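Welcome! Please take a look at the sequence and the structure shown here before reading on.

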Amino acid sequence: MHASATASATFAPALSPAIAPATIPVRELLPWAIFGGMLLLLAIYFVGVEEGAAAIFNTMYVHEFVHDGRHLLGFPCH
Ligand SMILES: [Zn+2]
């Protein structure tokens with residue numbers, strides 16, 4: 001009986017409405033979202049487009065490095 005009373009006293013503050021998740025304003029979140037989106041577009045470029053005539057690097061190192069990712073994401077390869 002003593003253990004259950006201790007447990008309810010321990011977990012009661014976690015259910016209290018005084019502890020609410022912190023709100024993040026869109027004004028502070030937007031630059032990070034744009035930055036993450038640019039990194040995502042760069043990753044999609046290197047996985048999907050970086051080969052052949054449109055390649056930044058003339059070697060096939062980037063293509064071979066992301067080759068399994070190309071097949072996983074369904075980009076045409078070979
Ligand atoms: Zn392939």
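What follows is a short tour of this model, from the whole chain down to single residues.

This is a predicted model, in which local features need pLDDT of at least 70 and side-chain atom pairs count only at pLDDT 80 or more, while totals for chains, interfaces and linings use all residues. Residues are numbered from 1 along each chain as its sequence is written.

**The whole chain**

The secondary structure comes to four helices and zero strands, and along the sequence the pattern reads α-α-α-α. Helices (H or I, at least four residues) and strands (E, at least two) are DSSP runs, numbered from the N terminus. Of the chain's 78 residues, 0% count as buried. A residue is called buried if 20 or more other C-beta atoms lie within 10 Å of its own, exposed if 12 or fewer, and partly exposed in between, with C-beta atoms placed from the backbone.

How confident is the predictor? The average pLDDT (the predictor's confidence in each residue, from 0 to 100) is 79 for the chain, and 74% of the residues score at least 70. Among the elements, helix 2 has the highest mean pLDDT (93), whereas helix 1 (residues 2-11) has the lowest (52). Where pLDDT is low, the predicted coordinates should not be read in detail.

**Helix 2**

Helix 2 covers residues 26-48. Its 23 residues should span 33 Å at 1.5 Å a residue, and the end C-alpha atoms are 31 Å apart, which agrees. The expected span is 1.5 Å times one less than the number of residues. The number of buried residues in helix 2 is zero, so this helix lies largely in the open.

An unreviewed UniProt entry annotates residues 32-49 as "transmembrane region"; such annotations may be inferred rather than shown by experiment, and their positions are given in the numbering used here, with feature names shortened. Over residues 32-49 the chain is 94% helix and 0% strand, with end C-alpha atoms 25 Å apart.

Ala43 sits in helix 2 and is exposed, with 12 other C-beta atoms within 10 Å. Ile44 is also found in helix 2, but counts as partly exposed because it has 13 C-beta neighbours inside 10 Å. Met60 lies in the loop between helix 2 and helix 3 (61-65), and with 13 other C-beta atoms within 10 Å, Met60 is partly exposed.

Each of them can be paired with a residue elsewhere in the sequence:

| Pair | Apart in sequence | C-alpha separation |
|---|---|---|
| Ala43 and Val66 | 23 residues | 9.8 Å |
| Ile44 and Arg70 | 26 residues | 9.4 Å |
| Met60 and Glu50 | 10 residues | 8.8 Å |
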